[in-house]
Amino acid sequence: MTLHRVVALVLAPQSTFELACAQEVFGVRRPGLPVRYAFEVCVEQPGAVATLGGYDMVVDRGLSALDEADTVVVPGWQGREGAAPPVVLEALRRVHRRGARVVAICSGAFLLGEAGLLGRRRATTHWRMAAELAARFPDVEVAPDTLYVDLGDVATSAGTAAGIDLCLHLVRGDQGAAYAAQVARHMVMPPHREGGQLQYATPAPAGRPPESLAPVLDWAAGRLHEPLTVDDLAARAGLSPRTLARRFAEQLGVSPGRWLLNQRIAAAQALLEETDLPVETIACRVGLSSATNLRRRFQAVVRTTPGAYRRSFGRPAVLTER
């Protein structure tokens with residue numbers, strides 16, 4: 001298999017955490033897991049690059065490395081108050097024109113905006129910088145609360161751990177849900193968080209500690225084959241459906257119904273990748289009742305059909321949708 005080449009473009013002073021988000025997902029060799037990515041770092045002028053950690057790192061690849069990339073990652077841009085180097089902006093435009101995917105983590109969205117890659121498009125960044133991004137690039141539709149926005153050719157994320165969420169999301173699209181789940185497990189991370197989830201939870205009322213949804217989530221995840229409803233989740237949690245919906249919004253940023261559908265689709269993806277079960281059987285196993293319903297829901301969430309997904313990510317022996 002040809003390796004997918006990921007190149008991180010660093011700019012001084014570089015945030016070490018944002019860079020590590022990309023490196024940890026795309027650049028670590030993990031025991032028992034096939035290597036699917038080649039990862040490297042480049043800079044405008046090779047040599048020592050100052051970091052926010054108070055030390056320098058040495059980068060020996062220049063901007064020519066971007067011409068070999070399938071994905072270019074901008075892991076933050078601390079110099080957004082000044083002008084971006086024209087040669088860097090042109091390099092980003094060039095790789096985007098030839099079809100490479102361009103990804104920004106946190107403040108990296110400002111560099112993509114400067115390069116003209118976000119015009120009349122949707123993007124996000126850290127909630128603290130969202131108003132600044134909207135004011136600086138008024139033609140960009142800024143989504144201030146979401147974890148990440150993936151447009152296919154361009155993707156942006158919120159700050160800190162949302163960069164990991166975005167990178168794992170990209171792995172899901174590139175290599176399939178089962179492979180991404182293995183990477184996440186090695187990292188001790190949740191396998192998938194929807195980009196539309198909130199960047200931060202709504203604070204609980206003063207004086208009352210938040211009650212974790214974990215018990216009801218674990219209970220539901222083990223019963224996806226059953227015809228569970230939101231009322232069933234509420235009854236298990238000992239809450240009214242309205243209170244349950246509020247807790248989901250506070251802690252997960254999605255509705256109970258949306259969470260349950262996402263779990264069913266994720267389970268269907270794993271079965272499509274790892275088994276040759278007919279689509280009708282998979283639909284029953286994940287609680288979507290029929291192949292017709294699974295196809296409709298799968299298309300709405302994954303933007304492809306179960307058969308096309310299986311051909312892309314399934315075992316070599318699995319060639320057709322049944």
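Modeller: Strand β1 (residues 4-9) pairs with β2 in the parallel sense over six bridges; strands pair if DSSP finds at least two bridges between them. Helices (H or I, at least four residues) and strands (E, at least two) are DSSP runs, numbered from the N terminus. This is a predicted model, in which local features need pLDDT of at least 70 and side-chain atom pairs count only at pLDDT 80 or more, while totals for chains, interfaces and linings use all residues. Residues are numbered from 1 along each chain as its sequence is written, and side-chain values use heavy atoms, with hydrogens and water left out.

Biologist: Which residue in β2 is the bridge partner of Leu9?

Modeller: The partner is Cys42.

Biologist: And in what order do the six strands of the open sheet run?

Modeller: The order is β2-β1-β5-β6-β10-β9, with mixed pairing. At the edges stand β2 (37-42) and β9 (148-150), each with a single partner strand, so one side of each has no neighbour in the sheet. From one strand to the next, the twist averages 15°.

Biologist: Which strands does helix α1 lie across?

Modeller: Helix α1 (residues 16-26) lies across β1, β2, β5 (71-75) and β6 (101-105), and runs at about 155° to β2. Such angles run from 0 to 180 degrees between N-to-C directions, with axes fitted to C-alpha atoms, for helices over the stretch in contact, where contact means heavy atoms within 4.5 Å.

Biologist: Turning to aromatics, how many pairs does the structure hold?

Modeller: It holds five aromatic pairs. Phe26 and Tyr37 have ring centres 4.9 Å apart and planes at 65°, so this pair is edge-to-face. Rings of Phe, Tyr and Trp (its six-membered ring) pair if their centres lie within 6.5 Å; planes under 30 degrees apart count as stacked, over 60 as edge-to-face and the rest as tilted.

Biologist: Are Phe26 and Tyr37 buried or exposed?

Modeller: Both are buried, meaning under 20% relative accessible area, whereas exposed is over 50% and partly exposed lies in between (1.4 Å probe, protein chains only).

Biologist: Where is Thr275?

Modeller: Thr275 sits in the loop between α10 and α11 (279-285). Its side chain reaches the backbone oxygen of Leu271 at 2.7 Å.

Biologist: Why does Thr275 count as buried?

Modeller: Thr275 counts as buried because its relative accessibility is 17%.

Definitions and conventions
Polar contact = N/O pair within 3.5 Å; in protein donor to acceptor, adjacent residues only side chain to side chain.
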